Amino acid sequence: MPPATVHLVIPCYQESGRIEPFLKELCAVTRELGGVTIQVVEDGSDAAEIARMRDIIVPLCRQNEHLLPPVFLPQNLGKGGAVYAGWDQARPVDWLAFVDADGSCSATEVANLIRRVRLQPAPLTAVFASRWDQTSSKVQRQWKRRLMGRIFGTLVATLLRIPIHDSQCGLKFVPRTAYQRIAPTLRIHGFAFDVELLAALHDSGCEFEETSIAWHETPGGHVHLIRDSFRMARDVLAIRRRRVNR
Ligand SMILES: Nc1nc2c(ncn2[C@@H]2O[C@H](COP(=O)(O)OP(=O)(O)O)[C@@H](O)[C@H]2O)c(=O)[nH]1
Ligand SMILES: [Mg+2]
């Protein structure tokens with residue numbers, strides 16, 4: 001039987017300085033695996049940045065048939081908006097996935113998780129990578145981000161009553177049919193989109209599992225610890241309100 005197919009989206013905003021080594025390696029390891037397509041979704045950066053991204057991606061597309069032409073969104077939608085734009089255009093694959101552009105999760109680790117989801121029997125379970133194993137030397141993060149992640153994870157688990165530790169890790173796999181069922185209900189396009197995705201999957205009866213991965217934080221992140229945490233907490237409260245009212 002051919003392996004389960006995966007469409008992997010890389011949401012990007014101002015990533016021309018960080019994406020190249022990761023994307024090259026990702027193309028190489030997924031070519032070996034087969035059955036994987038990769039697509040960069042650029043989220044409304046300025047013209048100079050778009051030109052830099054084209055210079056990086058177009059030659060790689062020529063060398064890698066499974067690297068699809070990039071999507072350039074006309075305006076900034078937010079990380080979730082970019083992921084969903086990529087997923088909504090996907091061919092009818094088995095799995096939809098996304099990974100952060102900065103290589104904090106290595107290409108090898110992405111390949112490991114692809115192998116793992118492919119072992120699943122039906123019905124498929126969504127797989128959320130996790131940096132929760134705080135004692136693990138495999139996870140290197142700034143203490144501030146570790147702490148905020150911990151607080152946010154506790155907030156999500158408590159307010160939404162979903163057993164999750166790390167809702168924000170930048171590598172996730174969702175069965176396409178499960179995504180299609182919930183897609184019309186998804187509203188949040190910012191950094192808390194994965195919380196809404198998780199809650200909607202959970203409520204629709206799609207099981208999920210959290211899987212520990214290696215994570216070596218790449219400097220230069222865009223998430224502003226105070227401003228974005230505040231926005232994300234507000235989004236979690238909105239998700240909870242909508243669930244209660246449903
Ligand atoms: N589409 C989109 N992606 C974004 C935006 N901001 C960040 N990202 C992407 O989200 C991923 C994680 O962002 P990153 O800056 O590494 O976050 P941090 O390491 O947590 O500060 C990367 O692939 C970014 O390019 C945005 O406004 N829109
Ligand atoms: Mg990052």
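Val195, Glu196, Ala199, His202 and Asp203 in α7 meet Val236, Ile239, Arg242 and Arg243 in α8, where contact means heavy atoms within 4.5 Å. By class, the residues of this contact of α7 with α8 are four nonpolar, one polar and four charged. Ala, Val, Leu, Ile, Met, Phe, Trp, Tyr, Cys and Pro count here as nonpolar, Asp, Glu, Lys and Arg as charged, and the others, Gly among them, as polar. Helices (H or I, at least four residues) and strands (E, at least two) are DSSP runs, numbered from the N terminus.

This is a predicted model: local features need pLDDT of at least 70, side-chain atom pairs count only at pLDDT 80 or more, and totals for chains, interfaces and linings use all residues. Residues are numbered from 1 along each chain as its sequence is written, chains are lettered from A and ligands numbered from 1 in the order in which they are written, and side-chain values use heavy atoms, with hydrogens and water left out.

**Helix packing**

- Two packed helices are described by the angle between their axes and the distance between the axes.
- Helix α7 covers residues 193–203 and helix α8 covers residues 225–245; they pack at an angle of about 25°, with their axes 10 Å apart. That makes α7 roughly parallel to α8.
- Axes are lines fitted to C-alpha atoms, for helices over the stretch in contact, and angles run from 0 to 180 degrees between N-to-C directions.
- Angles under 35 degrees count as roughly parallel, over 145 as roughly antiparallel, 65 to 115 as roughly perpendicular and the rest as oblique.
- The α7 and α8 crossing is right-handed. A crossing is right-handed if the near helix is turned clockwise from the far one by less than a right angle, and left-handed if anticlockwise.
- Helix α5 (residues 143–160) also packs with α8, at an angle of about 10° and with the axes 10 Å apart. That makes α5 roughly parallel to α8.
- On the α5 side, the contact is made by Lys144, Arg145, Met148, Phe152, Leu155, Val156, Leu159 and Leu160. On the α8 side, the residues include Leu225, Ser229, Met232, Ala233 and Val236.
- The contact of α5 with α8 has twelve nonpolar, one polar and four charged residues.

**The sheet**

- Seven strands form an open sheet with mixed pairing, in the order β3-β2-β1-β4-β7-β5-β8. Two strands pair if DSSP finds at least two bridges between them.
- The edge strands are β3 (71–73) and β8 (208–212), and each pairs on one side only.
- The twist averages 20° from one strand to the next.
- Helix α3 packs on the sheet, touching β1 (6–12), β2 (36–43), β3, β4 and β7. The direction of α3 makes about 145° with that of β1.
- Helix α7 packs on the sheet too, touching β4, β5 (126–130), β7 and β8. The direction of α7 makes about 145° with that of β5.

**Strand β7 and its partners**

- Strands β4 (residues 95–99) and β7 (residues 171–175) run antiparallel and are joined by five bridges.
- Valine 99 has leucine 171 of β7 as its bridge partner. Phenylalanine 98 is paired in this way with lysine 172.
- Strands β5 and β7 pair in the antiparallel sense over two bridges. Phenylalanine 128 stands opposite lysine 172 in β7.
- Five of the five residues of β7 are buried, so the strand is largely enclosed by the rest of the structure. Buried means under 20% relative accessible area, exposed over 50%, and partly exposed in between (1.4 Å probe, protein chains only).
- Both faces of β7 are covered: Leu171, Phe173 and Pro175 lie on one side, Lys172 and Val174 on the other.
- In a regular strand the side chains alternate between the two faces of the sheet.

**Lysine 79**

- Lysine 79 lies in helix α3 (residues 79–88).
- Lysine 79 is buried, at a relative accessible area of 16%.
- Not counting residues up to four places away in sequence, lysine 79 touches Pro11, Asp43, Phe98, Asp100, Gly170, His189, Phe191 and Phe193.

**Backbone features in loops**

- Alanine 122 and proline 123 are joined by a cis peptide bond, with omega about -5°. Proline 123 is in the loop between α4 (107–118) and β5.
- Glutamine 14, a residue other than glycine, has a positive phi near 55°. Glutamine 14 sits in the loop between β1 and α1 (19–33) and is partly exposed, with a relative accessible area of 31%.
- Arginine 161 has a positive phi of about 50° although it is not a glycine. Arginine 161 lies in the loop between α5 and β7 and counts as exposed, at 70% relative accessibility.
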